[in-house]
Amino acid sequence: MIDLKLLQRDFQSVSDKLIRKGVSVELLDSLKRKNEELKVAKIEYETLQAAQNTMSKEFGIYKKEGKDTSELKERVDANKIKIAEALEVQRIKQEELESIAMSIPNIPDDDVPNGKDDSDNVEIKKVLTPREFSFTPKEHWELAEQNGWIDFERGVKLATSRFSVSFGMGAKLERALINFMLNFNSKRGFEEVSVPSLVNRAALEGTGQLPKFEDDLYKVQDQELFLIPTAEVPVTNLYQDEILAPDKLPIRMTAYTACFRKEAGAAGRDTRGMIRQHQFHKVELVSITKPQDSDKIFDEMVQTASDLLSALDLPHRLMTLCSGDLGFGAAKTVDLEVWLPGQNSYREISSVSNTREFQARRAKIRFKDGDKNSFVHTLNGSSLAVGRTMVAIMENFQNEDGTITIPKALEPYLN
């Protein structure tokens, strides 16, 4: 959640930054109105409380001087009722403001480039040179079916569209990639954790998926439990509502989970193949750190994901997302896009984001900062999306006869 005190101090500056991210003027006006109503409610309460303090002092003087206190007592009692009413109004206005604030995205960093969508993202650099083929490369779904690695029709039979089943070498390659990624990340200092695939509403509110993206989540009937859209949710919330010792920071974690998304906002996009599935596997990186260290750790996480792709000999590029393409909770994001020769384009395979204190404020994750408690910074990133990595391997390592060569880095994992 955005810092409401910052909003109250400098509403115009915060609004200008949020407009860069596509927040509507109407929503900001509503936020401003609720903010002003809360200010008025606070002033009313403080005025009544000050009057109560004054009358309490008078009451003491009257008692000491032996004066009649009956009329003053009536005023004191009447003011107490007004104070209780004013406090309730203040509470309601605070809840109304926070309710709107929960739907407001994070403020983008000042160095995030302006833009409306992914066409305005800025390339940082390319890593590795794409292979030149002596034949026309096939797309991954054709290679998957030809080699018997992935069966899309049986996925539909078992569930619905955008589900798939891996067989034989496809299933083994998936498992090998998961183990390779976890080991790689562990060597970079990220502690491996295993977390539930179901989380409660508070966890999803903490990382920003709720309330805004509820339509994109799978919910358990008659329970406040949801299938996770990413390991970022349970891993970040491991420290929900805790105050961490400063010497425990930074905390670096990596986790493998299945992920589940309805893709409600992506109708008609990538309906064929493995790019956009309702269930997919992913290895995630999560860091929790002191604010002064978050930029350095952000760069380390981007480098870890890039080095992982390089270890698999997969050409890719790094892209800084523009303000209009940033995710809800992100203050800054770098996407890693892998080269897919079958599609003749770069496609996202990892997204590394610094949320600053946005998630920590919602999830109440703090650390001892001298004599006060301060919010940590939280960061997350894919390292990597397993299905999309399989897609990249199939397309980049395909042979003219349709067979696929296994990257050398994975050979120890496949005997």
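Pro 250 is found in the loop between strands β7 (242-244) and β8 (251-260). A cis peptide bond joins Leu 249 to Pro 250, with omega about 0°. Helices (H or I, at least four residues) and strands (E, at least two) are DSSP runs, numbered from the N terminus. The model is predicted: local features need pLDDT of at least 70, side-chain atom pairs count only at pLDDT 80 or more, and totals for chains, interfaces and linings use all residues. Residues are numbered from 1 along each chain as its sequence is written, and side-chain values use heavy atoms, with hydrogens and water left out.

A cis peptide bond also joins Ser 383 and Leu 384, with omega about 10°. Leu 384 lies in strand β15 (residues 377-385). Most residues other than glycine have a negative phi, and most peptide bonds are trans. Asp 241 is not a glycine, yet its phi is positive, about 55°. Asp 241 lies in the loop between α9 (232-236) and β7.

The protein comes to 12 helices and 15 strands. Its C-alpha trace spans about 105 × 45 × 35 Å along the principal axes. Of its 415 residues, 49% count as buried. Buried means under 20% relative accessible area, exposed over 50%, and partly exposed in between (1.4 Å probe, protein chains only).

Two packed helices are described by the angle between their axes and the distance between the axes. Axes are lines fitted to C-alpha atoms, for helices over the stretch in contact, and angles run from 0 to 180 degrees between N-to-C directions. The axes of α3 (residues 25-65) and α4 (residues 70-101) come within 8 Å and cross at roughly 160°. The two helices, α3 and α4, are therefore roughly antiparallel. Angles under 35 degrees count as roughly parallel, over 145 as roughly antiparallel, 65 to 115 as roughly perpendicular and the rest as oblique. The residues of the contact of α3 with α4 divide into 19 nonpolar, seven polar and 11 charged. Here Ala, Val, Leu, Ile, Met, Phe, Trp, Tyr, Cys and Pro count as nonpolar, Asp, Glu, Lys and Arg as charged, and the others, Gly among them, as polar.

Helix α7 (residues 168-187) has 20 residues, which should span 28 Å at 1.5 Å a residue; its end C-alpha atoms are 29 Å apart, which agrees. The expected span is 1.5 Å times one less than the number of residues. The buried residues of α7 include Leu 173, Glu 174, Phe 180 and Asn 185. Just after α7, Gly 189 takes a positive phi of about 100°.

The axes of α7 and α10 come within 11 Å and cross at roughly 130°. That makes α7 oblique to α10. Helix α10 (residues 294-311) has 18 residues and reaches 25 Å from its first C-alpha to its last, close to the 26 Å expected. Among its buried residues are Ile 297, Phe 298, Met 301 and Leu 309. Asp 313 follows α10 and lies in the loop between α10 and β10 (316-320). Its phi is positive, near 60°. Asp 313 is partly exposed, with a relative accessible area of 44%.

Glu 284 lies in strand β9 (residues 279-289). At 3% relative accessibility, Glu 284 counts as buried. Its side chain makes a polar contact with the side chain of Lys 282 (2.5 Å). A polar contact is a pair of N or O atoms within 3.5 Å; within protein, one must be able to donate a hydrogen and the other to accept it, and residues adjacent in sequence count only if both atoms are side-chain atoms.
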